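Hello,

Here is the structure I promised to pass on. Please open it before reading further; my notes follow below.

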Amino acid sequence: MTKGRYRLVIAVLLFALGMINYTDRAAVGILAPQIQHDLHITPSQLGWVFSAFFFSYAIFAFLGGYLSDKFGPKRTFGVAVVSWSIFCSLTGAVATLSPLIFVRLFFGASEGPMNSTTNRMVTNWFPRKETARALGFTLSGQNLGSAVAAPLVISLGYFFGWRLAFVVLGAIGILWCVLWLGFASDRPAESRHVTPEELAHITSDRSEAVLPKGSAPLRHYILRKSTWGLALGLFALLYPLYIFVSWMPSYFTNVMHVTPTGLSVAAGVPWIGGFLGYFLGGFISDLFFKRSENGLKARKTTTIVPLLLATMTLSAIPSVQSVSAAVILFTLSLFALSMATQSLWAMIHEVTPVIYMGTVGGFIHFLANMSGVIAPALTGYVIEHAASGYASAFWIAAGIGLCGALSMLLLVHNKRIPLHEHTSSTAPLTTRHP
């Protein structure tokens, strides 16, 4: 089975999980008009439903990274996926607003470990020179899942009703978990499918997951300015993304007056742009990385430039009147946001030792996902109370994008992580730049 390249099997499994993760997550936004009608929910109340998910999601993004470091990504994903599949199914059983918020809280907690544990798995299974491509491919499944979600969920809702749609989506997650437990392992050295040649390739430019004696403790990597700069940058990238996940279907329905049939296209096509951004962005980021004498500077460039492009498209969305033009701008925005996001995750590898990758990545993800708590609720409030409605929401997202780019430019410095000057034969787990 894929002799000499078994790491690709792991990448495909993570890609598939990304599709499932975002399909399940996007389902509430896609079915929001039906849910609002049946449960008599206002736009601002719906915003709190969206934010409930991200509140617990952000907390467990950090805890999930810690758990993946402590117990391994295989076990962490096994528990997480079964849990979120159960709560996804239970969404179809709610009858009022309060239990809907309750279920969404637990659903968000279960999905929290997704990205930090994926980062941990990529760290274990891929050499540094393939990091951005591996992350780009695996994370691209998330946006492809959102693209598939629109026609899939709308079809399920049409034929079976929105309640049963959530049950079907939950069952798909359980099936993935069976495959994961059968084919995955925490590290390539633990897999009987990995050849000695492939193992040597994977470890060729990664040090062992052991810090030299006397190295800086975990709190140093949590508190350094580069970590906070990355967190602010990821916050700015995720803020508009969570608006799209939560409110884009409603925007096309309520503002652009798209029919349910047209919605499957209008709300699905932009996510193909996100898929391409992740996939192609990984190759572009790795190309810059290989050709640069300063790996961190290369990653910063391929993160900040696309983020600035995304702010331009976000600002332009309120000015267009046709559905086609709106779809194009949403698509370009998601392309740029996705390209920047996967490059930022690769940048974490340039400032964090392997042994702390899950925990530091989870901490960054926790801070960044506060955007998921703020963006849906604030957008719902703006839609309901501001005269310009959705336009103000998009302009706020563009402004946050500019702040995020500035934060990364000023706070993420091209410096080695300081280690104890007396090291063992273990190589420093840091960047390769001077």
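In which helix does Ala346 lie? Ala346 belongs to helix α15, which covers residues 323-348. Please keep in mind that this is a predicted model. Everything below was computed from it.

Let me stay with Ala346 for a moment. Its relative accessibility is 0%, so Ala346 counts as buried, the cut-off being under 20%. Leaving aside residues up to four places away in sequence, Ala346 touches Thr131, Ala132, Leu135 and Arg299. Ser285 is 61 residues from Ala346 along the chain, yet their C-alpha atoms are separated by 8.5 Å.

Now the chain as a whole. It has 18 helices and zero strands. The radius of gyration is 21 Å, close to the 22 Å that the globule rule gives for 434 residues, so the chain is as compact as a globular protein of that length. Along the principal axes, the C-alpha atoms fill a box of roughly 65 × 45 × 35 Å.

How much of the chain is buried? Of the 434 residues, 59% count as buried. The accessible surface of the chain comes to about 16,600 Å². Carbon and sulfur atoms account for 70% of that surface.

On charge, the chain has 28 positive and 16 negative charges. The mean positions of the two sets are 4 Å apart.

Next, Tyr57. Its place is in helix α3, residues 43-71. Is Tyr57 buried or exposed? Tyr57 counts as buried, because its relative accessibility is 0% and the cut-off is under 20%. Which residues does Tyr57 touch, not counting those up to four places away in sequence? They are Arg25, Gly108, Ala109, Glu111, Gly112, Asn115, Tyr242, His365 and Asn369. Tyr57 and Thr259 are 202 residues apart along the chain, and their C-alpha atoms are separated by 32 Å.

Then the cysteines. How many disulfides does a search of the whole structure find? The search finds zero. Cys88 is in no disulfide; the nearest cysteine sulfur is that of Cys177, 14 Å away. Cys177 is likewise in no disulfide, and the nearest cysteine sulfur to it, that of Cys88, is 14 Å away. As for burial, Cys88 has a relative accessible area of 1% and is buried. Cys177, at 4% relative accessibility, counts as buried as well.

Last, two histidines with backbone angles to look at. Phi of His40 is near 55°, a positive value in a residue other than glycine. His40 is found in the loop between α2 (32-39) and α3. With a relative accessible area of 67%, His40 is exposed, since the cut-off is over 50%.

Where is His257 found? Look in the loop between α11 (225-254) and α12 (260-266). Phi of His257 is near 55°, again a positive value in a residue other than glycine. His257 counts as exposed, at 62% relative accessibility.

Those are my notes. The structure is now yours.

Best wishes

Technical notes: Residues are numbered from 1 along each chain as its sequence is written. This is a predicted model: local features need pLDDT of at least 70, side-chain atom pairs count only at pLDDT 80 or more; totals for chains, interfaces and linings use all residues. Side-chain values use heavy atoms; hydrogens and water are left out. A disulfide is a pair of cysteine sulfur atoms within 2.5 Å. Buried means under 20% relative accessible area, exposed over 50%, partly exposed in between (1.4 Å probe, protein chains only). Helices (H or I, at least four residues) and strands (E, at least two) are DSSP runs, numbered from the N terminus. Contact means heavy atoms within 4.5 Å. The radius of gyration is taken over C-alpha atoms; the globule rule is 2.2 Å times the number of residues to the power 0.38. Accessible areas come from the Shrake-Rupley method with a 1.4 Å probe; for residues, only the protein chains shown count as cover. Lys and Arg count as positive and Asp and Glu as negative; His and the chain ends are not counted. The place of a charge is taken as NZ of Lys, CZ of Arg, CG of Asp or CD of Glu.
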